[in-house]
Amino acid sequence: MRALVEQADGYEVAIVASDRPDAAGLAWAHEAGLATFASSPRGIGKAAFEAALDAALRAAGVEVIALAGYMRLLSPAFVAAWQGRILNIHPSLLPLYRGLDTHRRALVAGDREAGCSVHLVTDELDAGDVLGQARVPVLPGDDADTLAARVLAAEHALYPRVLAEFVSRCPIP
C-alpha cells in the first residue's frame, strides 16, 4: 500500500481501507494525511462490512480498487459491483500457486524463478486476467523468507506501474 501511495503517477490514492482497524498501514496513511476507513467484519458480518466499505469507497470518489495485503475473499456481490475495477497483487507467477504459501510451494517444486503478478479480481481466487508480472531468481540456499523478501521488492516496483497503466486506459462507468 505504501508503495502505491509513494509512487502514485497517473492516479491518486483517495482512501486507504482495512478490515483490521489496528493495521500499521492505516496509521501510516493517517499520518500521511490520507483518508482512511477501518472496520472489522467480526460482529457485524461480511455483508454489513462490505456494504460499509462500498459506501466509504464511493463517498471518497474511488473508481478503481487496488488491494494490497487484503487477505479476505470478497463476496461475489461486491466483486460484481466493482466488476473489472479491482486489482490485486499476488506473490507468484500466476497461474502458478494460487492462494497461500506461494514461496514454499515454489521452492518445493524446484522452480528456478518466482515472482509476483498483478491481476484483476474475479469470483475465483487469484484467477482474474494477469495485467503484469515481475520475475526474480530462486537462489541457492533460499528459504521461503529470503525468497519472499525479493518478491516483495519486485511487488513494490511492479504494482504502482501496472496500476498507473490500468487507470490510464480503464473505462470508468
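Predicted model: local features only at pLDDT ≥ 70, side-chain atom pairs only at ≥ 80, totals over all residues.
## Around Met1

Met1 sits in the segment ahead of α1, the helix spanning 2-6. With a relative accessibility of 27%, Met1 counts as partly exposed, because that value falls between the 20% limit for buried and the 50% limit for exposed.

Who does Met1 touch? Setting aside neighbours within four places in sequence, Met1 makes contact with Val16, Gly25, Trp28 and Ala68. Ala66 is worth a look too: 65 residues separate Met1 from Ala66 in sequence, yet their C-alpha atoms are 8.4 Å apart in space.

Now for the loop that runs between β4 (86-90) and α5 (102-108), which is where you'll find Pro95. The peptide bond leading from Leu94 into Pro95 is cis, and its omega is near 20 degrees.

Tyr97 belongs to the loop between β4 and α5. Its phi is near 55 degrees, a positive value in a residue other than glycine. Is Tyr97 buried or exposed? Tyr97 has a relative accessible area of 16%, so it counts as buried, the cut-off being under 20%.

Asp101 is also in the loop between β4 and α5. Phi is positive here as well, near 65 degrees, and Asp101 is again a residue other than glycine. As for accessibility, Asp101 comes out at a relative area of 41%, so it is partly exposed.

Key. Residues numbered from 1 in each chain as written. Heavy atoms only, no water. Helix = DSSP H or I, 4+ residues; strand = E, 2+ residues; numbered from the N terminus. Buried < 20%, exposed > 50% of the residue type's maximum accessible area, 1.4 Å probe, protein only. Contact = heavy atoms within 4.5 Å.
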